[in-house]
Amino acid sequence: MTEHPYYYEIDVVTYGQLDNKTFTYAHQSTKTLQPGQLVNLSFGRQKSLGIILAKTQPPKYLLPKIKSIDGVLDDIILPQHILDIAQWLKTYYVATNYAVWGAILPSGLLARRRQNNLNTPPKHTSTPHHISLSQQQNTVLNEILQANQPVLLSGVTGSGKTHIYEQLIHHYLSQNKSVLYLSPEIFLTQQLEKRLTQSFADNMVITHSGLSAVQRRNIWLDCLKSLEPKLYLGPRSSLFLPINNLGLIIIDEAHDTSYKQENLPRYQAREVAAKLARLTHSKLVLGSATHNIVMTHLSQLDRLKAVELTERHAGRSLPSIEITDMKGLYDPLSPALIKALRQRMRRGEQSLLLHNKRGSARRFSCDDCGNTISCPRCDTSLVFHADQARLICHICNFNQFPPSICPTCKGSNLRFHGFGTKQLVEEVKKYFPQATLARIDRDLSSQVPLKEILTDAEQGKIDILIGTQMIAKGLDFPRVTLVGIVAGDELLFGDDYQSRERGVALIMQAAGRAGRGELSGEVIIQTKQSDNPLWDHIRSHNWSAFTAEELKRRHNFGYPPYQYLARINFFGKSPEIAQSLAKDWLKTASLPPNITTLGPATPNHARTSQGYIAHIICKSSHRTKLTQIAHLLPRNTSYDIDPISIF
């Protein structure tokens, strides 16, 4: 057959504008290329990957100028749902080709593949893992299987949601369908891997940030070519695996803020999963004991099928919750918590202590002038880490030795204030020098000690486990009978409209770690505001009552789910310049109608490597009006629609 030119509409991966423009290229061939096929291109002065979207006929006046495709990657053809999800991401989250395809395609895609399969997890022997479901669990399982819409699975902590997930996985694998199981944290993925290996090792694939780029690329390529039903376990980025026969998507701990991508494209995994489920005709199950309030509202509108587990598995009871007033007390541990810890030590039981602040001291300041030593890049308070003898920024990781002289007033009266998890470990040692302690937070140097800590805790080798919110997420240690919330006030009372929701959810999730085995559990929450009505919801484990109250509050102030939000950051070389840029834009921008703006204001983290920040918050009951704003912004800005924080 004689070769002749075909013309194609192509997505150029390196294109960085927001207009969703595609480009026409020619290719001399005897056969046409398929949608989803990857090609090499010359784009301007650069080389780029391109994705074939469709065969096309070019305008005749452009014909002499149309470039030819440089080469074709015959072995890589993206499935249609990946093409569709990419186009949707660009529109829904106002993102460029460069950002979207950077999230979807693995890094080093064109690198030569290693012959040995580096991505394959160690082989285990699968053994049938028979689970006896309660009557309520069986009812919920059947409701999920029969549902014709996404499912919101609610259940008190310890109610056996994972048992239902396992039965769903068995069902879909037996139907020759693959399953995508999302977990919010790498350490939860590791714990789930151990559990799910018992039944699904022969057809389970695990991916997470702990793997090398080569391993993740090989997983992606193997997924693209595989037609076998498999269970894929991983974080939010696993949504972009090119799974060919997807039947079920599970989002575990669906309330977790880790499902929001903070870098471009700033997507929310729950929304992407819902779109993916529609494109692939898959079942979507969102599970949590403390569901996001927006999702709860959607279930009330019947856009999600709500099912609920109201009982703990095997008839176990929820832990009792005691509120301890800390007024007049200055030590990190109250007498009540010390007594309870001592009882667990005597009985050989385990305890968890939640303190959602890292480091040793939270602030280093001058008592003469009141100045706090802050990060020169981010303008946030530096946190002292005694084990490194350094002040560290928890935003950008800048660090320095504590100065001996105040940089503002040159005084020498500098002092540490507050405490973090590292200092809490030292405080607990004073009371329990013989106890085996461990700490889990973001300061762990690698994943190896984290694995060891989790294994030791599971085997009962750790008496007291101390940590940040990481220890509240899905951990299941049967010997834990006591959970202490060290500083409850710091969790509940922040300056963001979602602070109450996040705080109550975190406390309830942490409380749910107690009494998951044969022994009953107890929770002690330390607070200086013991009369706050929020404690009543927490004490009674009543998330539904809290969400009903919070929805009224959100409605009154025009926050999600009743209005959509967008945050615009303006960057300047000084706070004054940033504020001026924001004010000038607000005066001159032709905003769509029915948009409310708040600000300009200075956010909590008011400085980054790009400069000082002034932000404007936009509200609208129509999300498309907010997406239109992105096209009106000057270059010295960043834009986030559906932000998880507005401060």
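**Salt bridges and a buried leucine**

Arg516 has a relative accessible area of 17%, so this residue is buried. Here buried means under 20% relative accessible area, exposed means over 50%, and partly exposed lies in between, with a 1.4 Å probe and protein chains only. The model is predicted, so local features need pLDDT of at least 70 and side-chain atom pairs count only at pLDDT 80 or more, while totals for chains, interfaces and linings use all residues. Residues are numbered from 1 along each chain as its sequence is written, and side-chain values use heavy atoms, with hydrogens and water left out.

Arg516 makes a salt bridge with Asp476, and their closest N and O atoms are 3.2 Å apart. The pair ties together parts that are 40 residues apart in sequence, because Arg516 lies in the loop between helix H13 (499-511) and strand E23 (522-527), and Asp476 in the loop between strand E21 (464-467) and strand E22 (480-485). A salt bridge is a side-chain nitrogen of Lys or Arg within 4 Å of a carboxyl oxygen of Asp or Glu. Helices (H or I, at least four residues) and strands (E, at least two) are DSSP runs, numbered from the N terminus. Asp476 counts as partly exposed because its relative accessibility is 30%.

How many salt bridges does a search of the whole structure find? The search finds 23.

Another of these pairs is Arg500 with Glu550, where the closest N and O atoms are 3.0 Å apart. Glu550 is buried, because its relative accessible area is 0%. Arg500 and Glu550 also belong to a network of salt bridges that links them with Glu501, Glu549, Arg553 and Arg554.

A further salt bridge joins the side chains of Arg623 and Asp642, at 2.8 Å from N to O. Arg623 sits in helix H17 and Asp642 in the segment after E28, 19 residues apart, and the pair links distant parts of the chain. Is Arg623 buried or exposed? Arg623 is buried, because its relative accessible area is 9%. Asp642, at 23% relative accessibility, therefore counts as partly exposed.

Leu633 is found in the loop between helix H17 (623-629) and strand E28 (637-641). Leu633 counts as buried because its relative accessibility is 17%. Leaving aside residues up to four places away in sequence, Leu633 touches Ile568, Trp585 and Tyr639, where contact means heavy atoms within 4.5 Å.
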